[in-house]
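Me: I have a protein model open and I'm new to this. Can you show me how to read its features one by one?

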Amino acid sequence: MEAVIWGIPAVNYDLMFQSMVRDAKGAVNQILYWSRLADWKNQFLTPNPDTIYFMPFFSTKGTGPMVLEIPPAGDDGSITGTIMDSWQVALEDVGPAGLDAGKGGKYLILPPGYKEPVPVGFLLLASATFQGYALLRSILKSRTDEDVAKAVAYGKRIRLYPLSAASRPPETALIDAIDVVVSGVIPYDTRFFESLHRMVQAEPWIERDRAMIDPLRSLGIEQGKPFKPDAATTGLLESAAQEALALFDLRYETTYEPHNEGKRWFLPADKTLMDSVQTGFTKADVYPTDGRGTLFYFAYSMVKHLGAGQFYLFVSRDSDGNPLDGGSTYRLRVPPDPPVRQYWSAVLYDFATHALIRDMPCASRSSQSPGLQTHPDGSVDVYFSPKAPEGKVSNWIPTDANGRFEALFRFYGPGSRCSTRPGCCRTSKRSIESVGRTQFHRSGKIMKQTTTATKTGKPADWATEEAAYTLGVQAYLWGVPFVEYGKTSVGGVKARAVALNSFHKYPALKTAKDRFIVTPNNVTIDGYGVCDLRDEPAVIFVPRLADDRWYIVQLGDHYDEIFHNIGGIKGQQPGVYLVTGPDFSGAIPGEMTQLRSRTRWAAAGLRVFVNGDADLPAAVEAQKGFQLMPLSAYLKQGLAFRPQESSIYALPQLPSADAPEGLRFFEQLGHWMKSWLPATTGNSDTLVNSFQKIGLSTSRGFEWAELGEPVKRGLARAVSSGEQIVDAAWASTGETTNGWKYTFSGGRAGHDLALRAALARYELGAQLSDQVIYPNCAVDAHGAPLDGANSYVLHFGKGQQPPVSVFWNLAMYGADMLFVENEFGRCSIGSTTDGLKQAADGSLSIVIQSAKPDDTSNWLPAPAGPFNVTMRLYGPRTSVLDGSYRLPPIMKQA
């Protein structure tokens, strides 16, 4: 659903352009126009049938900068309009209220990142996209055939051509759309995502939108790849589109404040959106995608400076608050002397499509309409009904008796009394205040509605619950790593298995008695720490070892992303490293190397290789040299610092358990968000910012008590669905060959929320694939579950042992993913195992069974029941990473 809300401006544009090409037989860098006043066949969203439209559709891809030439305003005509990119961000207004101030001008539209010099004499517009369009209105003096023809002729002076042809501009192609049905109606089904996919392929990623790359990839929308959703994904996409529509319906009728208190007319934009439009959405601390999405659900185009050249007021309900019904009769009284220099118009639209009502003889009345009846005081009554009131045909706009409608009142050349500020129209009884105050008066029976309904026919509570559910699923997936790290980090400190700002070191190889970390290994001796970066940075000291022993210091944030590895495949990297939090801005002391974490807690894991039992003492000695401590301690005492146990095992504040059981996940998530993220994270992360709508924020945690019941219901459902999505994502992660499941995304899943959540749930803290890969196998060559009641062999032919630069190791796990107790004391076997035997032909066979064989050299003991094994490939060679090498299947023995 968030993809719909975020992407609707681009889809809105694409649908218009596609219709221009498909239906009007136009092409890019041509101008679509109407050679007379348009009728219902213009099915773009809320168009104005009382003006002559010219719509240049341009692209700078391949052609370079494009010139849009606007003629000067004068007695022969005037242009009002805006030039936009393909996200419909207003680049600039044109005409008397625009950048050229009515003098005309050559607007030069530059491609993204254009750095070449440009000639003088142009009005420069830097666009973030290659494509875009302009919505230009050739202003009528009246609606007579003569004045309409003049407005068309004046508009045809608009020119569009490449800068490269500016010395001798070619003829501009004008495509007449009159009598052609062109449509920009938004389809809330799979077609929406097909359109969004086209835009992702056509345009570069804008920095403000990069957070959407991975979420879209999870929907099958990715640059350079086709969009081919399967049946299950198609169903999910269509459901999400319908949920977005329901949410748009609700916001449309509840978001906008009345322009005058107690009245129904509203300005269809909020202040945050208007401010963002004027700055081109460049402010770092605000990105109103919700407000923008709602706007483009019912309209197209933006105005750089609303109120300068045009002004709009919408209404969708009558004076009693009832939806405007096409089967009833209404009267709108326009007061005398409205503040317009050019003209006003009232237009009706189908509420279901936000386009002109189809098959109607006319769609509007304006102050220029021929034969318009006026009262002696200059006021005008306009009627909306399926049939014209007697004697009022010239003041009548027909409606469809079978549907709802909405009305839009436009002011062209608005006077000073028009303003975007609510309540601005109260300066005079003869001002536009009267239009703001004027209500629809309905003849006949007035029907009251007690429940607001959406186009889906379901109550508004349903839309609220669905919106919370959809956002809650995203928050769940986004938050799984935080909650998992909360359990592991805090649980580890509580068990004194992990230390705060220090390494809790294990000087012995792990055995089945170690129950703290799932899928442990016993070819390294380890140390585990948490860098608490809320008050100050942490220092990691890495010694210069006497031998070439392999080691790695793994640093991961609590998004479960590896942000740095010290050592590993890079070899030894001695030095002093400064681990800083996301909001650290101090100086870096001495020769330290800064490593920045995105969260205020960071996991630090130390692993030192042990080459068999005889090597353990030397490995322990090497392990002693690695140190983790607070910066202040290092500056005062250096490596002589010895922490107090009371400080390194001090439990942090834990999440409360006050929320209802179905919301406990979000309660934990909110606690860790507040603890581990700067309070300003929501300003820079649009997804985190959106969580405020469901009570989650980095400054306040989870305010569940403030939420309404529909939101709580939606969030409780989100947890259940989120768990299923995580399990499904894990099941589809990576690849499975010969029964071995390979995962290559550990430590860096990016913005693929479902994948990242699955990895955090099932492989928390997994390393990057270039350092180590962990194929897991739970079935034999025929797909039957591995069980200790059977005997198995893993056979490597000559030269077919795992290709690694460090070592490989096969570990045995029970159903709990922990080592299995056995009398032989062996939990894993691999290239460093003492006494491992190859056959005379150079092959190697690993025997996997519960019964002790006569020759135990190559035996990996199994439990009596079900089990699984994980192969660790440290320093995997390219053949592993590119898929040309895969482990052989585990063969069941007769």
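Me: Where is the place of W87?
Reply: Keep in mind that this is a predicted model. To place a residue, find the elements on either side of it. W87 is in the loop between strand 5 (79-85) and strand 6 (90-94).

Me: Is W87 buried or exposed?
Reply: Look at the relative accessible area. Under 20% counts as buried. W87 has 7%, so W87 is buried.

Me: Which parts does the pair of F44 and Y300 tie together?
Reply: Locate each partner in turn. F44 lies in the loop between strand 2 (42-43) and strand 3 (52-59). Y300 lies in the loop between helix 7 (289-298) and strand 13 (310-315).

Me: What kind of aromatic pair do W550 and F807 form?
Reply: Check the distance, then the angle. W550 and F807 are 6.0 Å apart centre to centre, with 85° between the planes, and the pair is edge-to-face. This pair links distant parts of the chain, 257 residues apart. W550 sits in the loop between strand 24 (538-542) and strand 25 (551-557), and F807 in strand 38 (residues 804-813). W550 has 11% relative accessibility and counts as buried. F807 has 1% and counts as buried too.

Me: Which residue has its charged end over the ring of F351?
Reply: Look for a charge above a ring face. The charged end of R404 sits over the ring of F351, 3.8 Å from its centre. F351 also belongs to an aromatic cluster, whose members include Y188, F248, Y252 and Y297.

Me: At what angle do helix 5 and helix 7 pack?
Reply: Compare the two axes. Helix 5 (residues 231-254) and helix 7 pack at about 95°, with axes 10 Å apart. That angle makes helix 5 roughly perpendicular to helix 7. Helix 5 contributes L245, F248, D249, R251 and Y252 to the contact. Helix 7 contributes D290, G293, T294, Y297 and F298. The contact residues divide into five nonpolar, two polar and three charged.

Note on methods:
Residues are numbered from 1 along each chain as its sequence is written. This is a predicted model: local features need pLDDT of at least 70, side-chain atom pairs count only at pLDDT 80 or more; totals for chains, interfaces and linings use all residues. Side-chain values use heavy atoms; hydrogens and water are left out. Helices (H or I, at least four residues) and strands (E, at least two) are DSSP runs, numbered from the N terminus. Rings of Phe, Tyr and Trp (its six-membered ring) pair if their centres lie within 6.5 Å; planes under 30 degrees apart count as stacked, over 60 as edge-to-face and the rest as tilted. Buried means under 20% relative accessible area, exposed over 50%, partly exposed in between (1.4 Å probe, protein chains only). A charge sits over a ring if NZ of Lys or CZ of Arg is within 6 Å of the ring centre and within 35 degrees of the ring normal. Axes are lines fitted to C-alpha atoms, for helices over the stretch in contact, and angles run from 0 to 180 degrees between N-to-C directions. Angles under 35 degrees count as roughly parallel, over 145 as roughly antiparallel, 65 to 115 as roughly perpendicular and the rest as oblique. Contact means heavy atoms within 4.5 Å. Ala, Val, Leu, Ile, Met, Phe, Trp, Tyr, Cys and Pro count as nonpolar, Asp, Glu, Lys and Arg as charged, and the others, Gly among them, as polar.
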